[in-house]
Structure formats: structure tokens, C-alpha cells
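Let's take a friendly look at how parts of a protein model sit against one another. Have the sequence and the 3D view ready as you read.

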Amino acid sequence: MSGAEYQVILFDSVNAALLAEKLLKREGIPFKVIPVPRHLSSDCGVCIRIPAHERERAKHSLAKGVHIQGIHAL
Amino acid sequence: MHPENIVYFDNAATSWPKPQETMDAMYLFAAHTGANPGRSGHSLSVQAAREVMDTREALAELLCVQDMLRIIFTRNATESLNLVFKGLLHKGDHVITSSMEHNSVMRPLRGLESQGVKLSVVQCAPTGELDPGDIRAAIMRGTRMIVLTHASNVTGTLMPVSEVGSIAREHGIVFCVDAAQTAGSVPIDVQSMNIDILVFTGHKALFGPQGTGGLYLGPGLEHELTPLVMGGTGSLSEFEKQPDFLPDKYESGTPNAMGLAGLGAGVRFLQRQGLASVRAREEELKEQLIEGLRNIRGVHVYGPKDMARSIANVSFTMESTSPSEVTLALDEFYGIMSRPGLHCAPSAHRTIGTFPGGTVRFSLGYFNTSDQVSYALQAVSDLCAGTLEKRSWKSR
């Protein structure tokens, strides 16, 4: 599977990432919680990986509840 | 003593027994999750953080908090109150509180008073009741905060939180409510009650274990409240500066994740029962207890006459016997656990007229029964009549 199929969403903290997890679950958007890729941030926490085509829907459903630090292609 | 022989009337200090779910959740955490929440990317660490987050979510629902990241965990209400007072009040600030407060409020405020914070303690009635007008009258230039217990740990008297909340909002004063006695037994809505900061503990009516507690911090206050403890949060690890976002700003160091898993299960248990049914059961038991105590000659009961204006903490004295002797006899002869003395609230006892001798406190909980209340009433009656005999709840 090529990396371009996925995007990762970075948050301020693990707490924020897990809040995002709850919001995505509520919307039925598929995701996986993964360690933050080293090339994106030196932080030791986790981020959320989503299928690239879900980017806009995910961004929209998270906008109300949690601060997004950035969204990057994997 | 076998637990089944105990009648436990000290729920205002620590609730006991706990729901099976609380104990199961802690066991499962210890046995299967165990890792450090949010400190690594591995799946056990994420699962541990998830369980802590689930507890945050349950509490946010219970307290009508929109943003669950505004629920901050601490060890207990005392730590939360210290964080709030020491992080928000500065020399020259004025703070108003009531004469019914616990030492968890009084001691840190008296400590700050010696550092230049001005303190007004509004006198309550001998029933423990507060006239909101007296709070309004105490407001002056420089009043930064009003701190009020939601209910007295001594008499159970409920405070007019909504009314005081409106007054605080009207004047732009931070309103901090100590809900140690009520979170889990009285409905709380931080929005409609205009509460800026709500302090709670896990080990009382929320059915969590000791060592769990926290607070709700209202919007914007995170820019003004200095952390009490700084350190590792698992976030922004490349910087030596404390993070400025919630809840990390105030949650340094590894939390009591196992305890918080238990607290979450306790809150979910409460939600399944429904707060209204919990409160109704406690009301019924309290009415039975107060009616019974009032009918025993030589017993004096404190607190509001109108029982709807209190929670299930009942303070009484006996003419013939001191509170500590009563508590000892109830324990030794009947297996009843009560609490004598000043209940860490000397100011409250001065207010109701029982300082320095104190009272005996029976604090009822959801797991007490009407039969237990009848048994305790008989015990108090025996004690008054001087006809003590060794009994046990189980073989009564």
C-alpha cells in the first residue's frame, strides 16, 4: 500500500488525540492511532492516521471539539 | 470485624462499599492495561490514556461540561482547591467565602491571608444556611473570587449556589464551588449555575477510590491560573517550558490511572442508576434518620428544618454523652461507623454552636438501607437510656 493513501493529523497532546478519536468514532470515520512519525515532529506522543480521502470530513468533524496542530501526507 | 457486620455511616469522609464495577475496573487496569498513560506511542500506553480519557468524558457529562479537556485531574478536592487559590489569588486580591467551609478551603485561604490576600468570611445561620444577599454585601473593589461549598460536610446544608453564581457573574467575579460533598449525589450544571471552577473528589459520592479528584476550569481561566505542579506531561517534550493547553498544563507527572479507571466506572454506575434515584434513596434514609433522632429524648439534631435543603449528612449531639464516647460505643457495641468531633470544619461548628465539643455525624450513602437506619436509631436510643448491650447488625 502506498503511503500517499494516508494522512496523519497531529494534536497538541495525547489527551487531545484521544478526544479526536472519540469525535471520529462518533462520525464513523475510519482511523488508527499511531506514534507520531519522527520526521513530522520530535514529540513522543501519538497522532491519528486517516485514509487520505477522509481528510475534509475528518477536519470538519474535529474543528468543533479539538485543536488540530497540523495535517500531513504520510 | 467481618464487613457484613458493619453499618457504615461515614460516607461523607469516604464512601464505602464501592460498586463492584469500581473494583473490577481497577483490577482490570492493573492486570491488563497497566502502562503509563500517554507517555509512549505503544498500544498499552494509548489504552491506559484512553481509560483516563473515558473518565474525563464521564465526568464532563455528569457536570454538564461541554469540553472534556476542561476536566483536570488531581489527587483530591484539597489539592484542587490549593491549585485554584495559590494559582489565581495574588497580594491585594479580595476573596469571599462562607463560615460553613471545610479546612480544605479555610486553611489555604488563611495561609494566603498572611501573604496579603484579603478574606471575608460571610456568617451563616445556625442551621448552616447562607443568605445570598450577605455575599452581595461583602463584594468590594478588588473582589476576585467567591468560594462556596455546595453542601456542608457537617450538617449537609445545601448552599444557594445558583443564586450566588448569578451574583458573581453579574460582578465579573470568579465563582469557585467546592462540590466534594455533592458531586455524584446532587445534580450539577456548571453552565446554568454560572460556576467558573468546580472542585470535586473521587472517593465520596462519585464512588471512585481515594487519591482521585479534580476540577472543572471555565473558559479563559487557563490563561490566568498558574500551575501548582510542573513537569513531564508526555506532550511538547522537546521544550523545557510547561505546556499552556488543557489539561496538560495542570497534569504533570504520572497520574493515578488505575484509580481514575475505577472513578470512571463509579461515575458510569451512578449514571446507570440515575442521579435522581440516588438522591431520592438518600433523601428517604435521611428523613427516616432525622425523624427518629428527633424523637429520642436527650438528642439534639443540627441543620435545616426543611430537609429538602440538605444532603444526607446528619449531625447530632447527646446531652449525656460526648460525641467521641458516642462514636466509640456505637463502634464497639453495635458495629456502626460514625465520625465524632469537628469534621475538619471548626468554622462550621462555631456557626452551628457546637465548637469545640463537636457533634456525631452519620453520613448516609446509596448502599445504606432503611433497616440499617432503624438499627442505628435503636442503638442511639439504647445509649441514651444507658442500656448498652453488645449487638451485631448481622445477628440482630
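In this predicted model, helices H1(A) and H2(A) cross in a right-handed way, meaning that the near helix is turned clockwise from the far one by less than a right angle. H1 covers residues 14–27 of chain A and H2 covers residues 55–63 of chain A; they pack at an angle of about 115°, with axes 9 Å apart. Helices here are DSSP runs (H or I, at least four residues) and strands are too (E, at least two), numbered from the N terminus. Axes are lines fitted to C-alpha atoms, for helices over the stretch in contact, and angles run from 0 to 180 degrees between N-to-C directions.

Here is who meets whom, where contact means heavy atoms within 4.5 Å:

| Helix | Residues in the contact |
|---|---|
| H1(A) | A:Ala20, A:Leu23, A:Leu24, A:Glu27 |
| H2(A) | A:Arg57, A:Ala58, A:Ser61, A:Leu62 |

Now to the neighbouring chain. In chain A, 17 residues are in contact with 22 residues of chain B. Four salt bridges are found across this interface, a salt bridge being a side-chain nitrogen of Lys or Arg within 4 Å of a carboxyl oxygen of Asp or Glu. A:Glu21 forms a salt bridge with B:Arg50, with the closest N and O atoms 2.6 Å apart. On the side of chain A that touches chain B, H1(A) gives the most, with eight residues.

Residues are numbered from 1 along each chain as its sequence is written, and chains are lettered from A and ligands numbered from 1 in the order in which they are written. Local features need pLDDT of at least 70, side-chain atom pairs count only at pLDDT 80 or more, and totals for chains, interfaces and linings use all residues, while side-chain values use heavy atoms, leaving out hydrogens and water.
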